[in-house]
Amino acid sequence: MLSGRRLDLLDPSPLDVEISDIAHGLARVARWNGQTRGDHAFSVAQHCLVVEEIFRRCNDEGTEALLMTLLHDAPEYVIGDMISPFKAVVGGGYKAVEQRLEAAIHLRFGLPAHPTRELKALIKKADAMAAFYEATELAGFSVEEARKFFGQPRGVTREMLPIEPMPVLEAQRRFVERFAELEAERSAKAAS
């Protein structure tokens, strides 16, 4: 990693995880295999920001849940973004590596190793809503086609979301800033 950390993908240690490496990597991984409109790729870092925004607007959950939502695709900073149909073909090995990375990342930041089943379902719902808008606004899907794959979003409109692809360094900066805001909020609550 650029931080100087050496991360063992098969046995990742929370001690080797840095938010700067996560933000750097995610800002450089393109969603939709880069097949999106705009001057810049729509990065996983930006996607995570959109999902966290949707989650926050739709749920009354605490800062810990918001952090886990922001970090929901964090393992992709080292393993990249793989489209869902291909993940299904690759199977268990990929999922096992992804889950070990998720646990190391969460533990590094004082979060439970994995979200509860209920929280995971809420994050997945926000993720599908983000995918709907990404698909229709950026990836050339018709509304009908996106509805078929992701469902119809409710309670959040396109205008509420930062969906315009942004430069890598801006996505990286915004991801780190949002993480820092949530960490500060969590620290303030713990202190009171």
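Predicted model: local features only at pLDDT ≥ 70, side-chain atom pairs only at ≥ 80, totals over all residues.
Q: Which residues of α2 and α9 meet?
A: From α2 come Ala45, Cys48, Leu49, Glu52 and Arg56. They meet Ala171, Arg174, Phe175, Arg178 and Leu182 in α9. This contact of α2 with α9 divides into six nonpolar, no polar and four charged residues.

Q: What makes Leu49 buried?
A: Leu49 is found in helix α2. Its relative accessibility is 11%. Buried means under 20%, so Leu49 counts as buried.

Q: What does Leu49 touch, not counting residues up to four places away in sequence?
A: Leu49 touches Leu70, Ala171, Arg174, Phe175 and Arg178. Phe179 is 130 residues from Leu49 in sequence, and the two are 9.6 Å apart in space, C-alpha to C-alpha.

Q: Why are α3 and α9 called roughly antiparallel?
A: Helix α3 (residues 63-70) packs with α9 at an angle of about 160°, and their axes are 9 Å apart. Angles over 145 degrees count as roughly antiparallel. The angle of about 160° is over that cut-off, so α3 and α9 are roughly antiparallel to each other. Their crossing is left-handed.

Q: Which residues make the contact of α3 with α9?
A: Thr63, Glu64, Leu66, Leu67 and Leu70 are the residues from α3. In α9 they meet Phe175, Arg178, Phe179, Leu182, Glu183, Glu185, Arg186 and Lys189. By class, the residues of the contact of α3 with α9 are six nonpolar, one polar and six charged.

Q: How do you know that α3 is largely enclosed by the rest of the structure?
A: Count its buried residues. Seven of the eight residues of α3 are buried, so α3 is largely enclosed. The buried ones are Thr63, Ala65, Leu66, Leu67, Met68, Thr69 and Leu70.

Q: Which residues of α2 and α7 meet?
A: α2 brings His47, Val50, Val51, Ile54, Phe55 and Cys58. Their partners in α7 are Leu119, Leu122, Ile123, Ala126, Asp127, Met129, Ala130 and Glu134. The contact of α2 with α7 has 11 nonpolar residues, one polar and two charged.

Q: Which residues have the most contacts inside the largest nonpolar core?
A: They are Ile22, Leu71, Phe109 and Phe175, in a core of 52 residues. The elements that give two or more residues to this core are α1 (19-27), α2, α3, α6 (92-108), α7 (117-137) and α9. α7 gives the most, with nine residues.

Q: Which residues is Leu71 in contact with, leaving aside its neighbours within four places in sequence?
A: Leu71 is in contact with Ile19, Ile105, His106, Phe109, Leu111, Phe175 and Phe179.

Q: Why is Thr36 called buried?
A: Thr36 has its place in the loop between α1 and α2. Its relative accessible area is 15%. The cut-off for buried is under 20%, so Thr36 is buried. Leaving aside neighbours within four places in sequence, Thr36 is in contact with Arg31, Ala41, Phe42 and Leu138.

Q: What makes Trp32 buried?
A: Trp32 lies in the loop between α1 and α2. Its relative accessibility is 18%. That is under 20%, so Trp32 counts as buried. Trp32 has a positive phi of about 55° although it is not a glycine.

Q: Why is Asn33 called partly exposed?
A: Asn33 has a relative accessibility of 48%. Buried means under 20% and exposed over 50%. The value of 48% lies in between, so Asn33 counts as partly exposed. Asn33 lies in the loop between α1 and α2. Asn33 is not a glycine, although it has a positive phi of about 50°.

Technical notes: Residues numbered from 1 in each chain as written. Heavy atoms only, no water. Contact = heavy atoms within 4.5 Å. Helix = DSSP H or I, 4+ residues; strand = E, 2+ residues; numbered from the N terminus. Nonpolar A, V, L, I, M, F, W, Y, C, P; charged D, E, K, R; others polar. Axes fitted to C-alpha atoms, helices over the stretch in contact; angles between N-to-C directions. Parallel < 35°, antiparallel > 145°, perpendicular 65-115°, else oblique. Left-handed = near helix turned anticlockwise from the far one by under 90°. Core = buried A, V, L, I, M, F, W, Y, C linked by side-chain atoms within 4.5 Å. Buried < 20%, exposed > 50% of the residue type's maximum accessible area, 1.4 Å probe, protein only.
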